[in-house]
Amino acid sequence: MLKKLSTLGMTLFSVALLSLAAVALTADEILDQMDAEADALAEGSMISIIRFDNVYSDGTTGSNLFGSLSIPNRSLIYFIEPTDVLGTVFLTHDFDEVGVDSRLWLFLPLLGLPKELVSEEERGGSFAGSSLSYSDLGDRNGGDRDYDSVLLGEESIVVGDLTRTAYKIESTAKPGADVDNPRSIIWIDTEFFIMLKAEAYNDLGNLATTTESLELGEFEGKLTMKVMLATNHSEGSTTTISFLEQRRPDVDIPAETFLPENLHAFDAAFWGFIE
Amino acid sequence: MSRLIRLAVDHPIWTIVITLVLAVGLAIPMFHMTQETDFREFLDDDDPIIVLLDEAEARYGKSWGIMVMLFNEDTIFNETTLTKVEQMTDAFEQLPGIKNVTTPLNSQTIVGSATSISVKKAAPGGVAPTTPEEMDIFRTRVLEDENLVGGVISESGQAALINIELEVGADDYALTPEIVEIVDSYRGDGDELYIYGDAYFDTVMAEEMESDIALLFPLAILVMVALLFASFMTIRGILVPIAIVLLSVVVAMGAMVLLGFPMTTMSFIAPILLLAIGIADAIHVLNRYNEEIAKGTPKRQAILNTMEEMKGPVVMTSLTTAAGFLSLLTAFMVPQRHFGIVTAIGVLAAMVFSLFLIPAIMSLLKEPRVRDLSKGLRPLTRVLMGFEQVIAGHRKTVLVVALIIFGVMLAGIPRLRVETSNEEFLGKDHEAVQILDFTSEYFSGDMNLLVEFDTGHRDGLKDPTVLNAMLDFETFLLENGVSKTFSLTTLVRQMNERFNADDPAFYVIPDQQNMISQLLLLFTFSGGTLGNMALGDFSAGTVMGMYKMESSGNVSRLSGVIQDYLDEHFPEGGDLRVRMIGATVLMDRMFTQMNQSQLVGLASTIAAVTVLVMILMGSVVAGLIAAIPLILTVTVSMGIMAYTGQPLDMMTLMVSVVAVGIGVDYSIHFISRFRSEYRTDQNADRALQKTIQTTGRGITYNALTVALGFFILIFASFKGIRTFGWQIALTMVVSALSAISIIPAILVQWTPKFLSRYPWKRGA
């Protein structure tokens with residue numbers, strides 16, 4: 001889970017340092033390269049401000065503003081808006097060991113203590129009421145372990161006023177794999193190896209979710225995704241995710257910040273999330 | 001018209017060819033006939049309730065589907081039964097058009113401890129427990145969750161419910177057989193499986209309508225054949241009227257498809273109805289033709305004389321009958337209007353065929369060998385003669401007796417109860433109703449009511465005042481016959497309790513809105529879904545209540561007390577808009593509006609046919625006299641229902657309309673013939689004698705035909721249709737008796753001036 005959250009805002013908008021072996025790559029090699037670029041970006045401390053604009057299936061809307069801190073294997077999301085949940089903190093610890101589940105905590109300020117979320121459904125559940133699940137935010141649904149991928153070719157993808165060339169890769173669940181979406185198609189920038197667009201199909205072959213870049217930006221000299229649109233076609237809801245700010249802190253974020261027992265003392269003002 | 005009839009007689013082949021081309025042309029669309037049994041489709045799209053429901057569905061989704069109940073005499077908490085639940089769930093989820101499948105295994109439960117909280121499936125992964133320990137944990141978890149008990153698991157643990165929610169627009173007629181097939185493959189092992197739910201009932205009703213038509217229509221034709229044989233004793237006497245009515249049915253059904261009307265539980269009796277009604281004119285025309293032939297008139301002239309004599313009554317009776325059915329255009333429910341239009345088209349088609357096709361066929365065929373009708377009909381003639389003598393000799397007594405009957409029946413009408421529930425329509429012995437009764441013992445009922453609490457602003461639903469108002473309302477519902485309620489209040493209280501290590505003291509709505517917001521955030525973060533409990537921005541949400549319908553009266557009662565509560569606690573213009581938006585308010589509106597519109601429709605039908613008779617016969621008095629048997633028949637019909645405890649429902653409300661539409665024919669035929677006879681010598685007694693012997697006999701035969709035609713409906717699958725059938729049959733007999741008793745009593749007693757004035761047909 002750490003990987004998923006630490007790459008929130010990174011995986012989808014990471015930039016390739018080099019356009020290595022851009023010729024004659026296989027689908028797996030391209031996907032590995034995308035993961036490697038995301039991992040490289042996740043190294044070190046990162047501070048982000050992210051906004052979610054949701055349009056729910058019933059037509060109503062809502063917004064969330066989050067501040068995010070991350071270090072390798074640790075991630076913390078601080079709720080800034082709406083104000084009734086101001087101060088709520090979502091904490092994740094992830095582990096490199098295979099088969100070890102991530103641990104999740106939610107700290108509610110009025111209750112004054114963190115509760116560990118031990119639901120098996122959380123990975124498929126909505127992230128803060130948005131159209132995204134944790135699975136959507138994370139890596140490639142188990143990547144090579146669960147899917148067979150093939151390169152379908154290259155296509156031009158228009159993002160805002162940019163036209164990018166992308167690898168088009170189709171991933172199909174391996175027999176017996178326990179996955180939500182047995183088929184997906186992903187478009188990966190051929191130069192910077194960031195995902196520009198993705199489509200996931202459900203068991204019935206219907207389009208379940210799509211993710212697409214609406215605006216690209218730059219971070220540390222790399223191409224990143226600034227605004228993306230996630231659509232849950234099954235539910236009929238959308239979420240526009242805007243990365244308002246991304247920066248490296250002057251000094252690394254202390255690991256103690258990410259301890260559940262310290263969440264009650266989390267200083268949001270210090271990190272610039274609130275005044 | 002006479003010229004056209006002459007044309008048909010002189011060009012019979014062309015007439016028949018044109019008729020057949022028309023019939024074939026209209027028969028083709030019949031293969032594209034659709035069915036509609038969804039009650040919601042019975043109202044107009046712009047009906048306020050439908051607009052409200054559409055709006056509600058757009059906000060909260062559609063809450064209808066199919067339920068599968070598993071019952072095990074001992075307990076469903078065994079691996080075999082729960083594995084069936086798991087496997088059936090997997091199979092249902094694979095079907096296209098299924099939105100969601102909820103079972104005791106995959107229902108969300110909230111589990112809390114001092115350090116953690118989780119919203120998870122009641123059985124991990126939604127998989128049936130296999131070890132005794134897992135089964136114990138699962139049993140405890142579901143039976144202690146108040147959201148699940150009565151919802152997906154019975155309190156006794158003997159029944160589990162699988163809720164299959166369909167996508168909006170899903171084809172339930174196509175899905176139901178697939179679901180039934182899956183369920184059938186899991187029967188046995190001590191488990192009883194029952195399927196029910198709106199979508200399932202709709203399909204069952206549609207299937208039974210089809211099989212009923214397949215059975216009843218041929219049966220009705222057989223009855224007609226038997227009666228025609230008894231009447232004419234000739235092949236042509238059978239085939240010609242049957243051909244006329246079959247063609248009329250084809251025209252009506254073809255027109256129904258072309259007009260875009262689906263077949264409904266109401267219109268599916270139209271073919272049988274048309275058989276019974278349409279045959280009357282053909283019988284009268286053939287009878288008259290035989291009379292002419294018996295007099296020795298040459299064939300061509302006999303045909304022309306017959307048509308000259310009969311065109312007036314045929315046109316008049318058809319127009320009045322059609323007008324009677326068209327008066328259903330004022331009806332509240334769409335199927336009633338469709339039924340009225342389709343039947344009117346069929347009646348008019350029968351009129352056209354009787355006027356032109358019968359002469360064409362007669363001109364092609366040889367002159368019939370006419371038997372001595374008076375000999376063949378001696379018993380009936382004798383009865384009618386005796387009847388006529390009683391009427392003529394005791395005119396005032398007849399009228400007084402009629403008045404007494406009218407008064408007695410009228411006095412009973414206030415006792416009439418209105419009942420339009422599915423149970424009443426299908427009948428207590430119908431399998432679907434028995435299943436409903438059985439399942440209701442274990443779950444919270446077959447009807448849901450949905451009440452929306454709309455604050456009008458974002459997060460308004462998280463206000464503790466609003467949630468407490470919802471909670472009070474739920475308490476009120478539970479005190480007034482609702483078995484179970486679902487809303488955000490239970491969830492918030494559960495989350496509060498779970499977050500506080502299951503301390504029951506925290507099973508309350510927190511005082512602070514922020515606390516509620518954070519608990520709900522925790523819930524969704526923990527994998528919970530709110531479903532239709534709240535809108536995404538928490539500006540509005542619903543309270544859903546489940547209860548057993550029992551009767552439409554119960555629905556109306558509940559709807560009424562809820563509305564009173566809402567009016568008192570949430571007056572219009574207040575900060576909180578609270579309104580009923582679900583099935584209950586839809587049903588209530590249907591019940592109340594249907595009855596009102598039907599009574600208005602009935603009055604307008606009688607008025608319309610009376611006015612039509614006045615115009616056609618050129619006499620106000622004639623119209624009023626024609627209306628008397630109709631009013632008496634309707635009163636007797638309703639009175640009998642009242643005294644026998646039969647409720648007024650969607651179908652029986654139509655009895656009176658049909659009775660008027662058909663019954664007016666008897667009045668017209670009788671008055672016409674009486675006037676025709678009276679004009680010859682101004683002798684009322686002789687006119688009565690002649691009318692009774694001729695038209696009276698025709699009316700008697702016709703009433704018997706129609707009554708038997710409708711009586712066939714007692715073999716229908718639905719109790720509502722069966723009741724409709726025998727009531728119409730009874731009403732036809734009453735109608736005919738009224739026509740040949742009250743009308744002659746009045747005519748002979750007072751010999752109104754219109755009898756000698758304003759001849760309504762040339763050459764009379």
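Trainee: Leaving aside neighbours within four places in sequence, which residues is Gly541(B) in contact with?
Mentor: Bearing in mind that this is a predicted model, Gly541(B) is in contact with Phe453(B), Leu461(B), Ser487(B), Leu488(B), Met533(B), Ala534(B) and Leu535(B), once the neighbours within four places in sequence are set aside.

Trainee: And where does Gly541(B) sit, and is Gly541(B) buried or exposed?
Mentor: Gly541(B) belongs to strand E9 of chain B, and Gly541(B) counts as buried because 26 other C-beta atoms lie within 10 Å, where 20 or more are needed.

Trainee: How far apart in space are Gly541(B) and Gly460(B)?
Mentor: Their C-alpha atoms are 9.6 Å apart, although 81 residues separate Gly541(B) and Gly460(B) in sequence.

Trainee: OK, what sheet does E9 of chain B belong to?
Mentor: E9 of chain B is part of an open sheet of four strands, in the order E8-E9-E7-E10 and with antiparallel pairing. The edges are formed by strand E8 (484–486) and strand E10 (577–580) of chain B, each of which pairs on one side only. On average, and with direction ignored, neighbouring strands of this sheet are turned by 20° against each other.

Trainee: How many bridges are there between E7 and E9 of chain B?
Mentor: Eight bridges join strand E7 (residues 447–454) and strand E9 (residues 540–547) of chain B in the antiparallel sense, and one of the pairings puts Leu449(B) with its bridge partner Gly545(B) in E9(B).

Trainee: Which helix lies across those strands?
Mentor: That is helix H17 (residues 464–479) of chain B, which lies across E7, E8 and E9 of chain B and runs at about 15° to E9(B).

Trainee: Switching to H16(B): which of its residues are buried?
Mentor: The buried residues of H16(B) are Val433(B), Leu436(B) and Thr439(B). They lie on the same side of H16(B), because the arc they cover around the axis is only 130°. As a general point, an α-helix has 3.6 residues a turn, so residues three or four places apart point the same way.

Trainee: What covers that side, and what is on the face turned away?
Mentor: The cover over the buried residues of H16(B) includes strand E1 (65–72), strand E6 (191–196) and helix H15 (422–426) of chain B, whereas the face turned away from the buried side carries the exposed residues Glu431(B) and Glu441(B). As for its length, H16 (residues 431–442) has twelve residues and reaches 17 Å from its first C-alpha to its last, close to the 16 Å expected at 1.5 Å a residue.

Trainee: Where is Asp503(B), and is Asp503(B) buried or exposed?
Mentor: Asp503(B) is in the loop between helix H18 (488–499) and helix H19 (513–525) of chain B, and Asp503(B) is exposed because the number of other C-beta atoms within 10 Å is 12, and 12 or fewer counts as exposed.

Trainee: What about the cores, which residues have the most contacts inside the largest nonpolar one?
Mentor: The largest nonpolar core has 272 residues, and those with the most contacts inside it are Val68(B), Ala252(B) and Leu713(B). Helix H11 (residues 334–364) of chain B gives the most to this core, with 18 residues. Apart from it lies another core, of 30 residues, among them Leu41(A), Ile169(A), Ile188(A) and Leu216(A).

Trainee: Then chain A: how many residues of E9(A) are buried?
Mentor: Five of the seven residues of strand E9 (residues 183–189) of chain A are buried, so that the strand is mostly covered. E9(A) pairs with strand E8 (residues 162–173) of chain A in the antiparallel sense over seven bridges, where Glu170(A) has Ile185(A) as its bridge partner in E9(A). E9(A) also pairs with strand E10 (residues 195–201) of chain A, again in the antiparallel sense, over six bridges, and Ser184(A) stands opposite Ala200(A) in E10(A).

Trainee: What do E9(A) and E10(A) form together?
Mentor: They form a hairpin with five residues between the strands, and Phe193(A) in the turn has a positive phi of about 55°.

Conventions. Residues numbered from 1 in each chain as written. Chains lettered and ligands numbered in written order. Predicted model: local features only at pLDDT ≥ 70, side-chain atom pairs only at ≥ 80, totals over all residues. Helix = DSSP H or I, 4+ residues; strand = E, 2+ residues; numbered from the N terminus. Expected span 1.5 Å × (residues − 1). Arc of directions from axis to C-beta. Contact = placed C-beta atoms within 7 Å. Pairing = 2+ DSSP bridges. Axes fitted to C-alpha atoms, helices over the stretch in contact; angles between N-to-C directions. Core = buried A, V, L, I, M, F, W, Y, C linked by C-beta atoms within 7 Å.
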